[in-house]
Amino acid sequence: MNRIASAAINLCAETNTKKTFFRFKHIPFFLVGAILSNAQTVSAQAQSKLYDLPLEQLLNIEVSSASCFKQKSSEAPSAVDVVTADDIRNYGWRTLADALNAMRGLYIRNDRNYSYLGTRGFSHSGDYNSRVLIMIDGRRMNDATFDQGFIGEEFMLDMNLIERIEYIPGPGSSVYGANALLGVVNVISKQGKKFNGTRVSAEAGSLDTYRGRATFGKQWSNGADLLINGSQFFTHGQEQLHFPKYAATNGGIAQDMDLERTSRLFGQLSYQDFSVRAGYIDRYKRVPTASFGAIFNDKSYFTVDKQAYIDMDYITQFNAGLGVEVRAFHHWYDYYADTPISDKGVRVLNYDATDTRWWGGEFKLTGTQIKHHKWIMGIDAQYDQNQHLINFDINPYQLYNNSNRNGWRAGIYAQDEYRITDSLLVNMGLRLDYHHMINSLQLHPRVGLIWDITPTFTGKLLYGSAFRAPNVYERDYNFLDSNRANANNKQELIKSYEAIAEWYPGHGLKLLGTVFYNDLRNVLVQDTDNTSPSFLQFVNSGHFQTYGFELGAQKHWENGRQIKLSWTHNYTRDENLKGGSWAPDSPKNLVKLHYAEPFFEDTVRLGFEELFVDQRRTLANNIAHSYHLFNINLAFTKPVYGFQPTLGIYNVLNQHYPVLGGSEHIQDTLAMDGRTVRFRLEYGF
């Protein structure tokens, strides 16, 4: 890689893989045994609100992300998948990435800097989760420069704050606009009344990993609800990581290069029709992979991500048939990286950064005045006030990129749920978008026909289209001429077709089957033709088609036992390869099994998680072998003398399974962590 290229490539330095071999740090098992011995003497406490629901309601749970209003999952125009706070506790998921990895059709790769989300066989190198819309409480969290959706330790919320996670597969531009190309992930936060006091927790685990957290939540008699949360996370990570491609430097060993630390604050206050939410996160990560041409095993290579937001909402009913929502928001995101590179044998420190600010609002009406109709209509706007990218060598000074942009993105949308008969409804949505990064308006529909064939069996036929505009990184990344943007790239487009069958035969059982087809065109890919003047620019040359099906089953018992099984099979074809060929990082099969067993009158739950990810083709046309990921988690569902301990063992089989590293890495694949252990103790008062 030549000198200028290695410097300019740092413009994108955002990626994550967690590779951790097993190093266990004195987890206090004796405490678990002591508390277990007293578990049966504790008086029974109320079950969580979710588990007070009848079994059929647990399976046909109410969701809000598919249509922007609450509806049963069986009536949503999507094969919605939901995980709840109880699932997070049962299986010990530590990050949003862990939870998403457990959901139907999703899979995660990690390059020791960031975590990346694959959806139904599509995962694209250089995509910082920009093709999936990540939301908190229905609010877009993808930043305004890279359109990156954070899902690892850099995600805004601690896992104890999450009430549920809704995943809506397929295009969602008819409701949400850009970035909802392949799906929508909406993370619903808890209210203060869920805590009803103060809770503090401490965690310790393998690889010198620690977390401390404090949460206060309360609802007063006048209805005011307050939640405040703060946390600190630190992990030393692997002491030594081996990269065979760098054998000439320190024997290919990256020493003490896996460190990560995070600080978080989050709060929300609601009173009557008003609510306000705010969050802040500051995350530092040392990068051991020498990506983007960095000097190997140099501790000066790190990335820092800082995010903050404030969101204000007013929701009220004008009358029984008409509701209104008005909201305003302001976000900011700062990123910077110091990257040591070699210029003809001389060590030079390269600085790469972005400074991003955006704000906006939304006005939405929801109505049911017309018989058999439930409709929404709204307008939202976002002003990208500051989109600044800069990249330069510090000493001697050499500027490679300094781009500044701003502009509006806005949309008008409407959606109607029309119940034709008691057993047949149609859900129709349409949205018109303006985006300052593209030249044309975008009009995208979604249509869903939903038929209750019997009271327990529902069929759905869905069609939708969506777009994604180039982000600032993809537009302005051009190291051959840092003053000239790549203005020729344009929006990506997808058309999606899906048929769904859902059966609720009773006794806490749900069965699901889907078939789907996606046609994704004009995909932005980096031009790697060295003879081209547009070398490493993003051009709309990608074309992918996906055919697949999903099968799922889940069952809940009255005593709290539950089991969930899913199988996603797909074939994603890269049409630009000769005759159309199997796309990189696209496992043809994903199989996921979750089982939770209650003990001691549901005071303790033992959760088992088994994930199978099929083999994948790498960017170098090699094969990354398939793997099993088996996790065990023991959690107290009720406090014992105020304490709730949790013990999790992850990757029990100790497999150092491979994931694709991306084009910014010399290594074709990166080996992941082996077995790790975490112990958490929480106390409430």
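Start by selecting Ser 173, which sits in helix 6 (residues 173-176); helices are DSSP runs of H or I with at least four residues, strands are E runs of at least two, and both are numbered from the N terminus. This is a predicted model, where local features need pLDDT of at least 70, side-chain atom pairs count only at pLDDT 80 or more, and totals for chains, interfaces and linings use all residues. Numbering runs from 1 along each chain as its sequence is written, and side-chain values use heavy atoms, with hydrogens and water left out.

Ser 173 counts as buried because its relative accessibility is 1%, the cut-off being under 20% relative accessible area (1.4 Å probe, protein chains only). Now show its contacts (heavy atoms within 4.5 Å): beyond neighbours within four places in sequence, they include Arg 431, Asp 433, His 444 and Phe 467.

Next, select Leu 100, Ile 165 and Val 185, the residues touching the most other members of the largest nonpolar core, which has 44 residues. Such a core is a set of buried Ala, Val, Leu, Ile, Met, Phe, Trp, Tyr and Cys residues joined through side-chain atoms within 4.5 Å. Helix 5 (96-101) is among the elements giving two or more residues, and helix 5 provides the largest share, 4 residues. Zoom in on Ile 165: among the residues touching it are Val 82, Leu 96, Met 103 and Val 187.

For a last stop, colour Tyr 116, Phe 146, Ala 178 and Tyr 335, which belong to a second, separate core of 26 residues.

Technical notes: Buried means under 20% relative accessible area, exposed over 50%, partly exposed in between (1.4 Å probe, protein chains only).
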